[in-house]
Amino acid sequence: MLVHTAFDRAEQVVRHWSAAGCPLVIHADKSVPQKEYNAFVNALSDVPDIRFSKRHRCEWGTWGLVAATQQASQMMLDEFPDVRHVYLASGSCLPLRPVQELLDYLAERPHTDFIESATTADVPWTIGGLDQERFTMRFPFSWRKNKYLFDRYVAFQRFVGLKRKIPNGIVPHMGSQWWCLTRQTLSAILQDPERETYDRYFSKVWIPDESYFQTLARQYSRQIESRSLTLSKFDYQGKPHIFYDDHLQLLRRSDCFVARKIWPFANRLYDAFLTDPSGAMKRTEPNPGKIDRIFAKAVERRTRGRAGLYMQSRFPVETRENGLTCGQYSVFEGFSDLFENFEGWLAKVTGTRVHGHLFAPERAEFSDGQSVINGALSDSAQLRDYNPRAFLANLIWNTRGERQCFQFGPRDNQAIEWDIAKDPNAQVSVITGAWAVPLFQSNGNFSDIRREAALLQQIESKHLETLRSTWSKARVRIWTMAEFIEAPMEPLQTIIDEIGQQQVRGLAEVPKMADLKGFGQFLQNLKNQGMHPYLMGDFPVAHDLHEPAPSKRKPYLVR
Amino acid sequence: MGLWQSYRMRLRRKRYKVRAYRKHFSLRPVADRTGAIKPGDVLLFCTLRDEMVRLPYFLQYYRDLGVSHFLCVDNDSGDGGREYLAGQKDVSLWTTRASYKAARFGVDWLNWLQNKYAHGHWTLVVDPDELFVYPFCDTRPIRALTDWLDVSQVRSFGAMLLDMYPKGRVDQVPYRSGQNPIEIASWFDPGNYTIEKNPIYGNLWIQGGPRARVFFQDAPRLAPALNKIPLVKWDRRYTYVSSTHMLLPRGLNKVYEQLGGEQASGVLLHAKFIDTFTDKAVEELERKQHYSSGAEYKAYAEHLSQSPELWCKWSEKYINWRQLEILGLMSKGNWA
């Protein structure tokens, strides 16, 4: 057992092992103050069959750990000739099942070595990119204390192409440092005539405690079970996950023999597993699946996070968002100008939440005229324009699970346009020039209308450039108004199919198109005033040519 | 960041430290029990004025989390809070009549106390109306969190301020001393926060919540900052710059992930809006001892006299930290 801190807990565990008749050899880190160490030794003086091995300095990732393990193992083999399996544990390991069950389990498998051991090429465990290189480079500098020198020296060796030779053609293997080896295998490793060579080689390898025994066991073992009997999970930085009181049920159900690492103050865990033999589980194979999943999820949360969420501890820089928003949404431009009841119709047909112009200058037009919406998001234009991007991201996040649709147009705040254009979750459908319909219907002075039209046309044409730019990632569809009213049902059907909320078998109901009688003439008037409206496409001046009369057009189905 | 700017930040940090030293002369010890602080203890620092009614629950809440010692600065309380604190065995208390504003809203006083007593300790700096919530706080003591942060080599831990408010008028239900204020102010805004990055100090600037929604609709830029970094493994070189919103050296402000992942973070439940608030707002308006001459309190007083309800249809009722986690207001990060 390797110990370096929390001696009271270590003592408890030592007594637990010992009470089941297991002899122990204990190694304490040399950096532990002598006084503390003596107190620990004294406290255990009444426990039979324990030895203390010579202390080494065990800094993480260095040879000291292996040297300590070697010496303690030798002591174990020499002093306790009846020992058949040697289990390497730490002071923060906690036996989860009665020790007798472990003894029985091992007795049934007298020649099996339990040691996780895999070649570097096959597993993505390594942290920091040093996989094969950890066996072909030298690492004289401490990673913890001298990170700079460590990194520089690695870079230097890469640059120069320095490579160490791996002795005797052994194949480096890696795995959990917590193993359980048979006397035969362990003694073969320790008494190898080439041990001198191996020790010299591995003492300069990076993290040798995860590769020394793992590699050499492959040379001698009769039967290797490549897994560790100790449940030990590592996070993305390579440090072990810690178990707390609230993991009690999880650990019970894992059926593992030993778990690490346990938080020293997890009283409930220690009480439950060290004093309570009735916690005995059915004699099954260890099954840490659920724990695996929980920790894998935790690592994913740390490294990828929740897409579309911006919060106090997740604020991704551009391109690293993993999705600007958390769900798909649709933006409609010009539709509510061209159709009289578009919003209501869309909500009915698709079952989605349909808002008005969310970025309108007066207020955010939430669906059903609400002034506050999910997440207590306010419709105040000032609040929205203070950070339009956060407004959109919040809206989509707050309503996750329900698709949002909203209207957009050249009258609205354009500050959001790039965020929408770059968002793969956005489905943008544009009828260009439809903003002219409300102008056409309005009762304003023509000079005002002309000015307004010129402005809106300018804004929209810039907006179209944005949508068509190479950085645009949204699904963009653009029709000119003339194009659209030629055959309005086809594009509508496509859009609605893509929203795909419900199985719509053809559009039974059609939104009502605005009365466009005289629209061609209206455009011509603008032209005559020197303002050329081109975004609508070609409208003939005489309205009775191509212009469909909406009242006559009968609804038809599109498959 | 260029060398020049780094150097300027260093000077600024030194200046704040000198300032803290200057301001500490106004502090008079009432009960100094700092000798009882043991290595590894988690320490709590706070300044307060006339908060007697909140103190019993405040102390109990943090004792239950596992805070070992409270170091408090009393700014001339007249409601018996000073005497009450002086009588608590795990509280060290200083008192002062000096200006709260001139001590940069108490930051100077606490900086000095932290530098003197907190070197090498995890320190929690909160107000009496702030309750710290972190992942697994219902099953794991704060020591579990700080131990984990130590192992992860993290020095500071962010916790956003979450404004809590009651349903109905703010002053409708009277608060009884010793009661959990969240029983009254149990509602919050779940998803209307905006974030910007402070280019100088590198911290996030978070605004929003009910205060922005109701009081600062017309001037969102003036809405109060909600970002806080209350839990820090203190070193005597560190200094808080403005409240607990940001620190120097700047590295301590990076409590968020920029590459898409999530760091662990908590929440400070801000139980400011209970019945004591209305009186407080009027008083603070007169004293003008708060940030930007109490402009914030002015806005409150105006609004609260008209429509004293912060609650809306989409307010969320507080249940536990897991709820806040799911809503995306805090995160477990890779702590499991």
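Visitor: Which residue stands opposite B:Leu162?

Guide: B:Leu269, in β15(B), is the residue opposite B:Leu162. This is a predicted model, where local features need pLDDT of at least 70 and side-chain atom pairs count only at pLDDT 80 or more, while totals for chains, interfaces and linings use all residues. Residues are numbered from 1 along each chain as its sequence is written, and chains are lettered from A and ligands numbered from 1 in the order written.

Visitor: Thanks! In what sense do β8(B) and β15(B) pair?

Guide: Parallel, over five bridges, with β15 of chain B covering residues 266–270. Strands (E, at least two residues) and helices (H or I, at least four) are DSSP runs numbered from the N terminus, and two strands pair if DSSP finds at least two bridges between them.

Visitor: And what's the strand order in that sheet?

Guide: In chain B it runs β6-β15-β8, an open sheet of three strands with mixed pairing. At the edges sit β6 (130–133) and β8 (159–163) of chain B, each pairing on one side only.

Visitor: Switching to helices: at what angle do α1 and α4 of chain B pack?

Guide: About 95 degrees, with the axes of α1 (residues 3–23) and α4 (residues 107–117) 8 Å apart. That makes α1(B) roughly perpendicular to α4(B) (65 to 115 degrees; under 35 is roughly parallel, over 145 roughly antiparallel, the rest oblique). Axes are lines fitted to C-alpha atoms over the stretch in contact, with angles from 0 to 180 degrees between N-to-C directions.

Visitor: Which residues of α1(B) meet α4(B)?

Guide: Among them are B:Tyr16, B:Arg19 and B:Tyr21, and the α4(B) side includes B:Trp109 and B:Trp112. Contact requires C-beta atoms, placed from the backbone, within 7 Å.

Visitor: How many residues does each chain put into the contact between A and B?

Guide: Chain A gives 48 residues and chain B gives 50. On the chain A side, α11(A) gives the most, with seven residues.

Key:
Contact = placed C-beta atoms within 7 Å.
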